[in-house]
Amino acid sequence: MARVRVFLAVLFLLFTSSPVHGADNGSDSVLESVPDLEKAMYLNLKSYPCVRLLNLSGEIGCSNPGNDKISAPIVRLKSGTIRLARPSTVLLQEEQMRDFFLRVSGDLEFSKNVAGVLVEPSETVNMSSGFSPADKFPQSAFAPYSNTSYEWNLPGSGIMWNKYDFPVFLLAEESISTLKEIVGERNEASPENVAEFDLVMQTTKLGTHDSETCLKEQTCLPLGGYSVWSSLPPINISSTVTKPIVFAVASFDSASFFRDRSLGADSPISGLIALLTAVDALSHVNHLKNLKKQLVFAVLTGEAWGYLGSRQFLQELDLGSDSIRGLSSSMIEQIVEIGSVGQSLGKGGTLFYAHAGGESSGTKVILKALEDASESLGSDNVKVKKASSMNPGIPPSSLMAFLRKNTSASGIVLGDFDSAFSNKFYHSHLDNASNIKTSSVAAAAALVARALYIIANGDATLDLMALNDIKVNVSLVEELVGCLVTCEPGLSCELVGRYISPSNADCPSHYVGVFQDTPSASQKPSYVDDTSRFLWNFLADMTSATRDGTDSCTGDCSNVGDVCIGSETEGGGKCVISTTRYVPAYSTRLKYENNIWHVLPANPSDPMESVDPVWTESYWNTIGLRVYKVESPLYDRLVLAGGVFVTFASYLAVVIARTQLAKVVKRD
C-alpha cells in the first residue's frame with residue numbers, strides 16, 4: 001500500500017506543472033522532488049525498540065514475523081477488554097503494558113490481530129504498585145540456595161522474557177504530541193492513521209531461532225562487553241599480590257523491555273556511583289600502602305544477562321589471564337558488593353541492609369566494619385542493619401557467582417532493602433533519575449569508603465583521625481548522576497569529557513550490548529563502549545600515582561606499569577602509575593575460533609554453566625517507525641462516485657458539444 005501511494009505521488013509530481021505545497025503536516029514548504037513529497041506524506045517518530053534476543057532454548061523479545069515491513073491502522077487501547085476485528089497497531093499507555101502483554105501471551109485469538117504496539121509514555125507516572133517486566137526472582141537459576149520461588153521483586157511480571165511476533169516501540173517524549181495531533185478522534189469519514197514498522201531481524205529471515213544456530217550462521221552476536229578492575233594503591237603486576245585482597249564490586253549494566261532505555265538508575269547504577277565516590281574518597285587517604293590488606297575494585301557488565309561479567313572474571317582468574325595479572329582468587333579474603341542504594345533516605349536518616357553470604361568469620365568482619373563505619377559517621381545518621389534471617393539468602397547479585405564458585409567465600413551485599421526490592425521499577429525503562437536520591441547514594445558511599453578502610457586495616461590499631469578524614473564529595477555524586485542516568489547532560493557532561501570523547505551523544509543506556517571484539521589479552525580492545533571507557537579512565541585516575549615529570553601521551557606509555565588516561569581528549573592524556581585493566585565479559589560457554597563463535601559443552605565442574613542461557617542478539621538491517629494517513633472506505637467510495645459522475649458529465653458534455661458543433665458546421 002505504501003509503495004502504491006509513493007508511485008501515485010510520483011505520477012502526480014510528473015504531471016503537475018507547478019510546485020505542490022504540503023498539507024498533511026501543515027507545512028508551507030514547496031514540494032519539488034519525490035523525497036520532499038515522501039517526507040510530507042510520512043512522519044518518522046523517534047522511538048525505542050524492543051528487539052529480538054536468543055538463548056540456547058529459543059527466543060524472547062520482539063520482531064516482525066516475516067521479512068517485510070508491517071503496516072497497520074492505529075487503534076488506541078481504551079480498556080482491557082478491547083477486541084480487534086483486523087490486524088491493528090495498538091497504542092497504549094505505560095500503565096497498560098503489564099496487563100496488555102500478559103493478555104497477549106494468554107489469548108491467542110486476541111494476539112493474532114496485534115500487528116504492532118506503540119507505548120505512549122505518561123506525563124505523570126501513576127504506578128503505586130510499580131512496574132517491572134523482570135521476574136519476581138530475577139535469574140533464580142544462579143542462586144546459591146534452593147528456595148528459588150522466593151519473591152525479591154514483588155512487581156515483577158516476567159513479560160520481558162516472552163516472545164512477541166510483532167514489533168513494539170516506546171515513543172520518545174518529543175513524539176507524543178506529534179502522534180496525538182495526527183491520531184486524535186476519528187469518525188467514519190476521516191482519514192485512517194497507519195503505523196509502518198521496520199523491525200526485521202536477521203534470525204527471522206534465516207530461521208535461526210536459538211543462539212547456537214544463529215552463531216553458526218553468523219546472524220547474531222553474543223551479549224557482552226568489558227568490565228574494569230583497579231587497585232588502590234597500584235600493585236606490581238609482574239608478581240602476584242601477597243596481601244589478602246578486599247574486593248569491592250558493583251555492576252553497571254541494566255535491562256529493560258526496550259533495549260535503548262535501560263538506565264537502571266537505582267538498579268544498579270546507584271551502587272556503581274556509590275563505589276566510584278568511595279574510591280575517590282579513599283584516594284585522598286595517605287599511607288594506604290601501610291594497610292594490611294589490598295583494596296581492589298571491580299565494576300562488572302553483563303550481570304543482568306547470566307552474570308557474564310563476574311563469571312568471566314572468575315574464569316580469567318582461574319586461567320591466570322593477562323587481564324587480571326597480579327591478582328589471585330586464593331587471595332580474595334572478603335567481598336563487598338554495593339547494590340541498589342538510591343532509596344534509603346527516610347525521616348530518621350538513612351538505613352542500609354547488609355545481606356550476608358554465610359556466617360564465616362570473614363563475613364562477620366565485614367559486618368563489624370560496617371557497624372563501626374556507621375558509628376564513625378555520627379551526626380550524619382547513616383545506619384546499617386543485617387538483613388532478615390528469614391530471607392532465603394543473598395538477593396540477586398554478582399556475589400551469587402562468587403558463592404557458586406566457592407561456597408566458603410566471605411561477602412555481603414549492601415542494599416536499600418531488606419526482604420524485597422525497594423525499587424518498584426527494577427529492570428524497567430522507568431528506573432530513571434527520579435527514582436533515586438543523591439543524598440542516599442552519598443550516604444552509602446561514605447559508609448562503604450570507611451568500612452573498606454577498616455577492613456583493609458586488618459587487626460592493626462585503627463587510625464581514627466585518618467578514618468574521620470575520609471569524606472565523600474557530594475558534588476561528585478550529583479555529577480555522576482547527571483552523566484550516567486540523565487539525558488541532559490548525559491555522557492556529554494564535563495566529567496566524562498575530561499577522559500573520553502563519547503561516540504553516542506544520545507541519552508545514556510546501560511544495556512550490555514553485544515561483544516563486537518575478537519577476544520584477546522590485549523589491553524587495547526578495538527571496540528569498547530562509552531561507559532566502560534569512562535570507568536576505565538576514571539578508576540585509573542583515582543587510583544593512580546604520578547611520576548616526576550609525567551609524560552603526555554596519546555596511547556602507550558614508556559614505563560612498565562604506566563597507563564595513559566585521557567588519551568581521547570584534545571591535547572592528549574598523561575601517563576600515570578595505575579593497575580587498571582579491562583576484562584572481557586561474555587558467556588564462559590563461548591569460544592571464538594576461525595572467526596566464528598562456538599558454543600561449548602557445559603563444564604560439569606561449574607554448576608553455573610549448566611544453567612547459562614548464552615544470550616545473543618540478532619542482526620538487523622534498519623529499525624524504524626513512521627506513520628501516515630490512509631483515507632477511509634467511505635471517502636474512497638465518495639471519490640469513486642465523484643469520479644464516475646465527472647466522467648459521465650464529461651462524456652455528456654462532449655456529446656452535446658459535438659452535436660452543437662455539427663449544427664454550426666451545417667449552417668455554414
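# Disulfides, cavities and a buried strand

Cys564 counts as buried, at 7% relative accessibility; buried means under 20% relative accessible area, exposed over 50%, and partly exposed in between, with a 1.4 Å probe and protein chains only. The structure is a predicted model, in which local features need pLDDT of at least 70 and side-chain atom pairs count only at pLDDT 80 or more, while totals for chains, interfaces and linings use all residues. Residues are numbered from 1 along each chain as its sequence is written, and side-chain values use heavy atoms, with hydrogens and water left out.

## The disulfides

Cys564 is joined by a disulfide to Cys553, with 2.0 Å from S to S. Cys553 belongs to strand 22 (residues 552-553) and Cys564 to strand 23 (residues 562-565), so the pair ties together parts that are 11 residues apart in sequence. Strands (E, at least two residues) and helices (H or I, at least four) are DSSP runs, numbered from the N terminus. Cys553 is buried as well, with a relative accessible area of 6%.

The structure holds 6 disulfides, a disulfide being a pair of cysteine sulfur atoms within 2.5 Å. When the bonded cysteines of the chain are numbered in sequence order, the pairing reads 1-2, 3-4, 5-7, 6-8, 9-11, 10-12.

| Disulfide | S to S distance | Torsion about the S-S bond | Handedness |
|---|---|---|---|
| Cys50 and Cys62 | 2.1 Å | about 85 degrees | right-handed |
| Cys214 and Cys220 | 1.9 Å | 80 degrees | right-handed |
| Cys553 and Cys564 | 2.0 Å | 95 degrees | right-handed |

The link between Cys50 and Cys62 has sulfur atoms 2.1 Å apart. Cys50 lies in the loop between strand 4 (47-49) and strand 5 (52-55), and Cys62 in strand 6 (residues 58-62), so this pair ties together parts that are 12 residues apart in sequence. Cys50 is buried, with a relative accessible area of 3%, and Cys62 is buried, with a value of 0%.

## The cavities

Rolling a probe the size of a water molecule over the atoms shows where empty space is left. The structure holds 2 cavities of 30 Å³ or more. On a 1 Å grid over the protein atoms alone, a cavity is a set of points where a 1.4 Å probe fits but cannot get out, and its lining residues have an atom within 4 Å of a point. A volume is the space filled by probe spheres set on the points.

The largest cavity has a volume of about 320 Å³. It is lined by 25 residues, and the closest to its centre are Ser251, Pro268, Pro396, Ser397 and Tyr426. Helix 8 (265-282) and strand 17 (332-338) each supply at least two residues of this lining, and helix 8 gives the most, with 3 residues. By class, the lining of the largest cavity has 10 nonpolar, 10 polar and 5 charged residues. In this scheme Ala, Val, Leu, Ile, Met, Phe, Trp, Tyr, Cys and Pro count as nonpolar, Asp, Glu, Lys and Arg as charged, and the others, Gly among them, as polar.

The second largest cavity contains about 130 Å³ of space. Cys50 is one of its lining residues, which also include Val51, Leu53, Met160, Phe258, Trp305 and Tyr511. By class, the lining of the second largest cavity has 9 nonpolar, 2 polar and 1 charged residues.

## Val119 and its contacts

Phe258, named above in the lining of the second largest cavity, is also in contact with Val119. Val119 is placed in strand 9 (residues 114-120) and is buried, with a relative accessible area of 0%. Neighbours within four places in sequence being left aside, Val119 is in contact with Leu92, Gln93, Glu94, Met97, Val168, Phe169, Leu170, Leu171 and Phe258, where contact means heavy atoms within 4.5 Å. Val119 and Val168 are 49 residues apart in sequence and 7.6 Å apart in space, C-alpha to C-alpha.

## Strand 25

Strand 25 (residues 580-585) is largely enclosed by the rest of the structure, because 6 of its 6 residues are buried. In a regular strand the side chains alternate between the two faces of the sheet. In strand 25, Thr580, Tyr582 and Pro584 point one way, whereas Arg581, Val583 and Ala585 point the other way.

Strand 25 pairs with strand 14 (residues 225-232) in the antiparallel sense over 6 bridges; two strands pair if DSSP finds at least two bridges between them. Within this pairing, Ser227 stands opposite Val583 in strand 25.

Note on methods:
On a 1 Å grid over the protein atoms alone, a cavity is a set of points where a 1.4 Å probe fits but cannot get out, and a pocket is an open set with protein on both sides within 12 Å along at least five of seven lines; lining residues have an atom within 4 Å of a point.
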